[in-house]
Amino acid sequence: MHIGVLEDDLDQQAFIEQCLVAAGHRVSLFTRASELRRATQQQAYDFLIIDWRLPDSCGMDVVAHLRQHDRWRGPILFITASQGEDDVVKALEQGADDFLAKPLRPKELIARVSALGRRSGYATPPKASACPDIFTLHTDEHYISVSGTAVDLTEREYRLAALFFSKVGELITRAHLLELVWGIKGDVSTRTVDTHVSRLRRKLELDGRHGLRLRSVYQSGYRMETCKTTPLEEVAK
């Protein structure tokens, strides 16, 4: 599904994006209600996640406006730090389909999104056709297997790999990786991304032999690319 996320806390925003991307969803991020409302008029979204506390509006008002004025009919998951019964009731009355209290738990977030998606007629997203069957992402247990053999990855390595697998063919900048996976500003000068990518390439054998190559793009970042399977004897040269 293509999911729009309205959340002004950048750390929380990055966390939600990581969870959704790892589950195979496409994500668009917004920090202001006006940005989301404008975006829903210009392109199609399958699902919306909206936070209560926003810099330019109240999340409940955004939900009500989308339902009553914009005639938006897709599922909406409302998130907030409040767990009061009155708040839950109000959110649902305003048009939210479900309510999730912070702190968010990854498995519960994905389960709620999947359940709402199924109710609205969206199937669980299949593995991207660009990704060879030899690679399997186990999203619940957070590990990856190659040819059926589990590969030992740290939590950060798994999150990094899940991001690359979800965006095969797309350039991902170092700055974007730092913000999404490490939660630090992209203008920080560090070699940690390069070190982790190099380790990931070695562990998952992303050198072309299995149909995928994790390639460095000079002065930009990285791109996971599909390629013809390379014989092992050529890889060894």
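Which residue of β3 does G4 stand opposite? The answer is L48, and the views below set that pair in its surroundings, in a model that is predicted.

**View 1. The whole protein chain, to get your bearings.**
The protein chain holds nine helices and eleven strands. Of its 237 residues, 46% count as buried. Among the contacts in the protein chain with a separation of 6 or more, 54% come from residues 24 or more positions apart. The close-ups that follow take up a few of these helices and strands in turn.

**View 2. An open sheet of five strands with parallel pairing.**
Reading across the sheet, the order is β2-β1-β3-β4-β5. At the edges lie β2 (26–30) and β5 (98–101), each of which pairs on one side only. On average, neighbouring strands here are turned by 20 degrees against each other, direction ignored. Strands of a sheet pair through backbone hydrogen bonds, either parallel or antiparallel.

**View 3. Strand β1 beside strand β3, a parallel pair.**
Here we step in on residues 2–6, which form β1, and residues 47–51, which form β3. Four bridges link the two strands in the parallel sense. To find your place, look for G4, with L48 of β3 opposite.

**View 4. Helix α2 packed against helix α3.**
Residues 33–42 make up α2, and residues 59–68 make up α3. Their axes are 11 Å apart and meet at an angle of about 20 degrees. Angles under 35 degrees count as roughly parallel, so α2 and α3 are roughly parallel to each other. The crossing of α2 past α3 is right-handed. On the α2 side, the residues in contact are A33, L36, R37 and T40, and they meet V62, H65 and L66 of α3. Sorted by class, this contact has four nonpolar residues, two polar and one charged.

**View 5. Q12, a residue of helix α1.**
Helix α1 spans residues 10–22, and Q12 is found within it. Is Q12 buried or exposed? Its relative accessible area is 18%. Buried means under 20% relative accessible area, so Q12 is buried. Leaving aside residues up to four places away in sequence, Q12 touches E7, K102 and L104.

**View 6. An open sheet of three strands with antiparallel pairing.**
The order in this sheet is β6-β7-β8. Its edge strands are β6 (135–138) and β8 (149–151), and each pairs on one side only. Neighbouring strands are turned by 30 degrees against each other on average, direction ignored. Strand β7 covers residues 143–146 and runs antiparallel to β6, joined by four bridges.

**View 7. Helix α7 and what covers its buried residues.**
Which residues of α7 are buried? In this helix (residues 174–182), they are L177, L178, L180, V181 and W182. Their cover includes four elements you can pick out by number: α6 (155–166), β9 (171–173), α8 (192–203) and β11 (221–226). Just after α7 comes G183, which takes a positive phi of about 70 degrees.

Notes:
Residues numbered from 1 in each chain as written. Predicted model: local features only at pLDDT ≥ 70, side-chain atom pairs only at ≥ 80, totals over all residues. Heavy atoms only, no water. Axes fitted to C-alpha atoms, helices over the stretch in contact; angles between N-to-C directions. Parallel < 35°, antiparallel > 145°, perpendicular 65-115°, else oblique. Left-handed = near helix turned anticlockwise from the far one by under 90°. Contact = heavy atoms within 4.5 Å. Nonpolar A, V, L, I, M, F, W, Y, C, P; charged D, E, K, R; others polar. Pairing = 2+ DSSP bridges. Buried < 20%, exposed > 50% of the residue type's maximum accessible area, 1.4 Å probe, protein only.
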